[in-house]
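Q: I have a structure open here and would like to go through its contacts with you. Shall we begin?

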Amino acid sequence: MKWTDTLTIAEMLYDIHPDIDPATIRFTDLMTWVIALDGFNDDPQHCGEKILEAIQLAWIDEAG
């Protein structure tokens, strides 16, 4: 799984953290959680604010 797999990442985060409101997540925490996901194997240096925002928005949609 790569940073660009935003929907898959959002679905996994929702399953792992169902009680978390994704709108309140700090990007530093979000990045840490994504890197810790099973199957995630992308370079942390390739992550940026736009990617984290896309993941956060997909997670908000998933939780909605």
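Q: Which residue forms a salt bridge with Arg26, and how far apart are the closest N and O atoms?
A: This is a predicted model. In it, the salt-bridge partner of Arg26 is Asp29, and the closest N and O atoms are 3.0 Å apart.

Q: How many salt bridges does a search of the whole structure find?
A: The search finds one.

Q: Is Arg26 buried or exposed?
A: Arg26 is exposed, its relative accessible area being 54%. Asp29, with a relative accessible area of 28%, is partly exposed.

Q: Turning to the helices, at what angle do the axes of H2 and H3 cross?
A: The axes of helix H2, residues 27-36, and helix H3, residues 49-63, cross at roughly 80° and come within 10 Å. The two helices are therefore roughly perpendicular to each other, since angles of 65 to 115 degrees fall in that class.

Q: Which residues make the contact?
A: H2 contributes Phe27, Leu30, Met31, Trp33 and Val34. From H3 come Glu49, Leu52, Glu53, Ile55, Gln56 and Trp59.

Q: And what is that contact by class, with how many nonpolar, polar and charged residues?
A: The contact of H2 with H3 has eight nonpolar residues, one polar residue and two charged residues.

Q: Where is Gln56, and is it buried or exposed?
A: Gln56 is in helix H3. The residue is buried, at 12% relative accessible area.

Q: What is Gln56 in contact with, leaving aside its neighbours within four places in sequence?
A: With those neighbours left aside, Gln56 is in contact with Pro22, Ala23, Ile25, Phe27 and Leu30.

Q: What about Glu53: how accessible is it?
A: Glu53 has 39% relative accessibility and counts as partly exposed. This residue is placed in helix H3.

Q: New topic. How many aromatic pairs does the structure hold?
A: There are two aromatic pairs in the structure. One of them is formed by Trp3 and Phe40: the pair is edge-to-face, with 4.7 Å centre to centre and 70° between the planes.

Q: Which parts does the pair of Trp3 and Phe40 tie together?
A: Trp3 lies in the segment before helix H1, which covers 6-16, while Phe40 lies in the loop between H2 and H3. The pair therefore ties together parts that are 37 residues apart in sequence.

Q: Are Trp3 and Phe40 buried or exposed?
A: Both Trp3 and Phe40 are buried.

Q: Now to H1. What is Tyr14 in contact with, apart from its neighbours within four places in sequence?
A: Tyr14 is in contact with Trp59, Glu62 and Ala63 once those neighbours are left aside. Tyr14 itself lies in helix H1 and is partly exposed, with a relative accessible area of 28%.

Q: How far apart are the C-alpha atoms of Tyr14 and Trp59?
A: They are separated by 6.5 Å, and the two residues are 45 apart along the chain.

Q: Last one: where is Thr24 found?
A: Thr24 is found in the loop between H1 and H2. The residue is exposed, its relative accessible area being 56%.

Note on methods. Residues are numbered from 1 along each chain as its sequence is written. This is a predicted model: local features need pLDDT of at least 70, side-chain atom pairs count only at pLDDT 80 or more; totals for chains, interfaces and linings use all residues. Side-chain values use heavy atoms; hydrogens and water are left out. Axes are lines fitted to C-alpha atoms, for helices over the stretch in contact, and angles run from 0 to 180 degrees between N-to-C directions. Helices (H or I, at least four residues) and strands (E, at least two) are DSSP runs, numbered from the N terminus. Angles under 35 degrees count as roughly parallel, over 145 as roughly antiparallel, 65 to 115 as roughly perpendicular and the rest as oblique. Contact means heavy atoms within 4.5 Å. Ala, Val, Leu, Ile, Met, Phe, Trp, Tyr, Cys and Pro count as nonpolar, Asp, Glu, Lys and Arg as charged, and the others, Gly among them, as polar. Rings of Phe, Tyr and Trp (its six-membered ring) pair if their centres lie within 6.5 Å; planes under 30 degrees apart count as stacked, over 60 as edge-to-face and the rest as tilted. Buried means under 20% relative accessible area, exposed over 50%, partly exposed in between (1.4 Å probe, protein chains only). A salt bridge is a side-chain nitrogen of Lys or Arg within 4 Å of a carboxyl oxygen of Asp or Glu.
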